[in-house]
Amino acid sequence: MKSALEGIRILDLSRMLPFEYCTMILADLGADILKIEEPGMGDYMRWLPPKIKEENSHFLLLNRNKRSMTLNLRKDEAKEILCDLAKGADVLFESFRPGVMDKLGLGYDIMKDVNPDLIYCSATGYGQTGPYRNKPGHDLNYISIAGILERTGLEKPVIPGIPIADMTVGVYSALAILAAIIARDRGGKGQYIDISMTDCMLSYNIANIGDYVAGKSEKFELRGEAPYYNVYETKDGKWIAVGNIEDKFWADMCRGMEREDLIEKHSFNLSEEEKAALKDELQKVFSQKTRDEWIRIFEKKDTCITPVLAVEESLNDPNFIERDMIFEMDHPKEGRLKQIALPIKFSETPDRREVPPPMIGEHTDEVLKALGYDDAKIDKLRRDGVV
């Protein structure tokens, strides 16, 4: 059975988690992803801690179904090889700072002449234009500028437990690339895509922006203000998540707690004192049983209550297991690797689970031979530091 993107060729010059996540999605969908890595160092995500044996555990989760070759793009011969590869590619994806690819002589204006049908996607922290374009940054900076971080805590901003901008730009980049492929294949042509992680975060912040334009007195309270959307500690020191925004779910929770007297207290218009009192009351109730005892009680109720799981518990959760979200594959050096599946279920074009993450430059000779290079020429390229 063919994969959804079988036959699509993507040159991946990106590195690090956000962009590896993008090309992992596309690889799982069947695209041929060729990682272009610097000789020796490669994608430096490989060597950062935490490691399983020799390589970073995040890298090993993000780079299955890809091939790897090394090219020193400062060398003219390496640039020629990249251009030869681009002639047969659908997409070039890169994540350098703005202007780096132009300085290398490999920017979009050059590459579109090499292949007019090429889709050239640049993903960066702040985008190719604007006053911040050359500023360094990380996830925390992007969510702070987009107004997300300010909305994460009650007393002060709270740093989220996952890099939101990093993971989101991976999805947006994959979406943009797929949209450009569809547009081209409907009679269009190749094009340039400029993706800013900070722009993605502003778009992701719709809920808070909606609150602002409606007036600050009329906002959903989703960061711990509200009793109905909160976390509560249980008898065993664990936590339970309550997401009962709707009246019917709140009412069923109260029945499960045998506290029908609290049903009428559900309101979006409570005073601060009333909210605090109701949260205190709920905390007293939840402190009377363990997390799992409460979960068993609420299994029989139509209510939005879930346990707050640690990562180890999530990986053993029966819902993820039944939905085939966790699988394993063998790596020649790292051994048996746990993997998280593509979170999309297709009836006709299932995701690929074929090849473990590549070792640095593993496919260099294979790719060069496909371009017509013989062993002697490849050896010379290696001696010259081109590959």
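Trainee: Which residues does E221 touch, not counting residues up to four places away in sequence?
Mentor: A226, Y228, Y229 and K275; contact means heavy atoms within 4.5 Å. This is a predicted model, where local features need pLDDT of at least 70, side-chain atom pairs count only at pLDDT 80 or more, and totals for chains, interfaces and linings use all residues. Residues are numbered from 1 along each chain as its sequence is written, and side-chain values use heavy atoms, with hydrogens and water left out.

Trainee: Is E221 buried or exposed?
Mentor: Buried, because its relative accessible area is 12%. The cut-offs are under 20% for buried, over 50% for exposed and partly exposed in between (1.4 Å probe, protein chains only).

Trainee: New topic. How many residues of α1 are buried?
Mentor: 12 of its 12. Helices are DSSP runs (H or I, at least four residues), as strands are (E, at least two), numbered from the N terminus.

Trainee: What comes just after α1?
Mentor: G30, with a positive phi of about 115°.

Trainee: And the largest nonpolar core, which residues have the most contacts inside it?
Mentor: L26, I177 and M201, in a core of 43 residues. Such a core is a set of buried Ala, Val, Leu, Ile, Met, Phe, Trp, Tyr and Cys residues joined through side-chain atoms within 4.5 Å.

Trainee: Which element gives the most to this core?
Mentor: α1, with 8 residues.

Trainee: What does I177 touch, not counting residues up to four places away in sequence?
Mentor: C22, L26, V91, F93, I119, C121 and I193.
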